[in-house]
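Welcome! Take a moment to look over the sequence and turn the model around on your screen. Then let us walk through it together, step by step.

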Amino acid sequence: MRRAQGGDAAAYRALLEALRPWLVAYFRRRLMGSDGEDLVQMTLLSLHEKRHTYDPGSPFLPWISAVARHKLIDFVRKSGRHVHVELNEELGLEDGMQPDLAARDVAVLLAQLPKDQARIIKLHKLDGLSVEEVAGQTGKSASAVKVTVHRGLKKLQSLVGIKERRQ
């Protein structure tokens, strides 16, 4: 996207071609099998019209995900449909998004945290170590690891525009 904003037409075309399968899978999963071709086209059109609003210093995946989500919400409101989204571990794995693009976005986000906090989140959430194992590797107490992870995840949520829920 950064190169596309700089006027690189080939990069822009490659971006649109790479996004299409991801958008098809995104809408198909949420519309229970409907292909969502109109939504794909509307999302790509919105990307084209709003590309100047993308901040090149921010991760791209949350930005385009928000655009797609808004298009889906508009579609559901207009059609009066109900969309059922199951939450499971497979959600998001078969969406066609290139793993290297998602990994780059995660790296960009983690780079915005203090190094120690980013390391602890990586060890616990990405590498799958238990709290006790992370505590052993970092020299922190298990409680300190839990607090660091909790605060770091809240900060990451705010960086991608997810507001804290009030209970």
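In which helix is Val106 found? Val106 is found in helix α5, which covers residues 99–110. Keep in mind as you read that this is a predicted model.

## The overall plan

Let us start with the whole chain. Its secondary structure comes to 8 helices and 0 strands, and read along the sequence the pattern is α-α-α-α-α-α-α-α. The chain has 167 residues, and buried residues make up 32% of them.

Val106 itself is partly exposed, because its relative accessible area is 34%, which lies between the 20% limit for buried and the 50% limit for exposed.

Now find helix α3, made of residues 37–50.

Which residues of α3 are buried? They are Leu39, Val40, Thr43, Leu44, Ser46 and Leu47. Looking down the axis of α3, you will find its buried residues within an arc of 155°, so they line one face of the helix. The cover over these buried residues includes α2 (9–30) and α4 (60–79).

## Helix α4

Helix α4 has 20 residues and reaches 29 Å from its first C-alpha to its last, close to the 28 Å expected at 1.5 Å a residue. Its buried residues are Phe60, Leu61, Trp63, Ile64, Val67, Ala68, Leu72 and Val76.

Next, look for the places where nonpolar side chains come together. The largest nonpolar core has 24 residues, and the members that touch the most others are Leu19, Leu23, Phe27, Leu47, Phe60, Trp63 and Ile64. Helices α2, α3 and α4 each supply at least two residues of this core. There is also a second, separate core of 8 residues, with Val131, Val134, Ala135 and Val149 among them.

Setting aside neighbours within four places in sequence, Trp63 is in contact with Met1, Leu47, Lys50, Arg51, Thr53 and Tyr54.

## Aromatic rings and charges

A pair of aromatic rings is described by the distance of the centres and the angle of the planes. In this model the count comes to 5 aromatic pairs. In the pair of Tyr54 and Phe60, the ring centres are 5.5 Å apart and the planes stand at 85°, so the pair is edge-to-face. Tyr54 counts as buried because its relative accessibility is 3%, and Phe60 is buried too, with a relative accessible area of 3%.

Phe60 also pairs with Trp63, and this pair is tilted, with 5.9 Å from centre to centre and 35° between the planes. Phe60 and Trp63 are 3 residues apart in helix α4, so about one helical turn separates them. Elsewhere, Trp22, Tyr26 and Phe27 form one aromatic cluster.

Arg30 lies over the face of Tyr26, at 3.7 Å from the ring centre. The charged end of Arg51 sits over the ring of Tyr12, 5.1 Å from its centre.

Where does Gly57 lie? Gly57 is in the loop between α3 and α4. Gly57 and Arg2 are 55 residues apart in sequence, with their C-alpha atoms 8.9 Å apart in space. Not counting residues up to four places away in sequence, Gly57 touches Val108 and Gln112.

To finish, find Val147 in helix α8, which covers residues 142–159. With a relative accessible area of 37%, Val147 is partly exposed. Val147 and Gln117 are 30 residues apart in sequence, and their C-alpha atoms are 9.9 Å apart in space.

Key
Residues numbered from 1 in each chain as written. Predicted model: local features only at pLDDT ≥ 70, side-chain atom pairs only at ≥ 80, totals over all residues. Heavy atoms only, no water. Helix = DSSP H or I, 4+ residues; strand = E, 2+ residues; numbered from the N terminus. Expected span 1.5 Å × (residues − 1). Buried < 20%, exposed > 50% of the residue type's maximum accessible area, 1.4 Å probe, protein only. Arc of directions from axis to C-beta. Contact = heavy atoms within 4.5 Å. Core = buried A, V, L, I, M, F, W, Y, C linked by side-chain atoms within 4.5 Å. Phe/Tyr/Trp six-rings, centres within 6.5 Å; stacked < 30°, edge-to-face > 60°. Lys NZ or Arg CZ within 6 Å of the ring centre and 35° of its normal.
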